[in-house]
Amino acid sequence: MSVDDNGGKPPTVTRRGLVRAGLGGAALLGTGLLCFASTASGRRPGPGAGGPRPDGPEPAWRELAAGNLRWRTLHEQHPDESRTVRRVLMDGQHPFAVVLGCVDSRVPPELVFDQGLGDLLTVRSAGQVLDEAVLGSIAYGVLELDIPLVVVLGHQGCGAVAAAVDADATHAPLPVHIRYLADRIRPAVDPRLPRHARADAAVTANVRRVRASLAAEPDLVGRVASGRLAVVGARYELGSQQVTRLG
């Protein structure tokens, strides 16, 4: 049965489907970037499918940007999920990017970048907070798997950032483990901004701080200096589903 088969009944249209379809159509009309859409000739050969892995930081970013365009215009390919790819990956992995994202269930990197098995090494912590486990996981991807790109991905409406903003403003006590997160995000909060604007601004500021910290890590700094590795910040908008590079 195909995904469009509804037993002869009219297809059910959800509110989310209408919203995303409207956003997707507007994006296609506004940008004219239909070149990334699926075509009759087939899907793009991703790294996990035996296609060439992006060679260097900028090609890796372009692959992510192309995947995000497919995602937000409803032309997802869901690549590298076939039985053949699963067998190939039994012998090893060669992901082309590390994505440090938030734990938020609305921002799974493989979906928002339209990637599949073997394509991304994903590390997730609330608010992209760094600790030794997160740093070790990223270093593993860069040093052991020779990944050329690390993306710090923040997002609109981040609950961890909002908690840090509220704690900074009210000094209300937080559960101990959530306080750990808030304390590490708090330096990104600008108390000079109006209260309603602080959380959104802090999302971007927090991404920039984490990106800078990673780029200065002793295990990574040499690769960054030589151009073998780029550490970039990015932000995902829940409304448009677009990822914007921050630097």
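The request and the reply follow.

Colleague: Please take helix 2. How many of its residues are buried? Which salt bridges do Glu 58 and Arg 70 form?

Modeller: A caution before the details: this is a predicted model. The protein chain has 247 residues, and 42% of them count as buried. Its secondary structure comes to 9 helices and 5 strands. From the N terminus, the order of elements is α-α-α-β-α-β-α-β-α-α-α-α-β-β.

Helix 2 covers residues 57-72. Its 16 residues span 23 Å from first C-alpha to last, close to the 22 Å expected at 1.5 Å a residue. Burial comes next. Of the 16 residues, 12 are buried, so helix 2 is largely enclosed by the rest of the structure. Among the buried ones are Pro 57, Ala 60, Trp 61, Leu 64, Leu 69 and Trp 71. Just after helix 2, Leu 74 takes a positive phi of about 60°.

Side chains of opposite charge can pair when their charged atoms come close. Glu 58 does this with Arg 245, at 3.3 Å from N to O. The pair links distant parts of the chain: Glu 58 is in helix 2, Arg 245 is in strand 5 (residues 243-245), and 187 residues separate them. Glu 58 has 37% relative accessibility, so it counts as partly exposed. Arg 245 is partly exposed as well, at 33%.

As for pairs between aromatic rings, a search of the whole structure finds 0.

The other bridge to follow is at Arg 70. Arg 70 pairs with Asp 114, and the closest N and O atoms are 2.6 Å apart. Arg 70 lies in helix 2, while Asp 114 lies in the loop between helix 4 (109-112) and strand 2 (120-124), so the pair ties together parts that are 44 residues apart in sequence. Both Arg 70 and Asp 114 are buried.

Strand 5 and strand 2 lead on to the sheet. The sheet is open, with 5 strands in the order 2-1-3-4-5 and mixed pairing. Strand 2 and strand 5 stand at its edges with a single partner strand each, so one side of each has no neighbour in the sheet. The twist averages 25° from one strand to the next. Further in, strand 1 (residues 97-101) and strand 3 (residues 149-155) pair in the parallel sense over 4 bridges. Gly 101 stands opposite Leu 153 in strand 3.

One of the others joins Arg 192 to Asp 190, with the closest N and O atoms 2.9 Å apart. Arg 192 is exposed, at 74% relative accessible area. Asp 190 is partly exposed, at 23%. Elsewhere, Asp 146, Arg 223 and Arg 228 are linked in a network of salt bridges.

Terms used: Residues are numbered from 1 along each chain as its sequence is written. This is a predicted model: local features need pLDDT of at least 70, side-chain atom pairs count only at pLDDT 80 or more; totals for chains, interfaces and linings use all residues. Side-chain values use heavy atoms; hydrogens and water are left out. A salt bridge is a side-chain nitrogen of Lys or Arg within 4 Å of a carboxyl oxygen of Asp or Glu. Helices (H or I, at least four residues) and strands (E, at least two) are DSSP runs, numbered from the N terminus. Buried means under 20% relative accessible area, exposed over 50%, partly exposed in between (1.4 Å probe, protein chains only). Rings of Phe, Tyr and Trp (its six-membered ring) pair if their centres lie within 6.5 Å; planes under 30 degrees apart count as stacked, over 60 as edge-to-face and the rest as tilted. The expected span of a helix is 1.5 Å times one less than its number of residues. Two strands pair if DSSP finds at least two bridges between them. Axes are lines fitted to C-alpha atoms, for helices over the stretch in contact, and angles run from 0 to 180 degrees between N-to-C directions.
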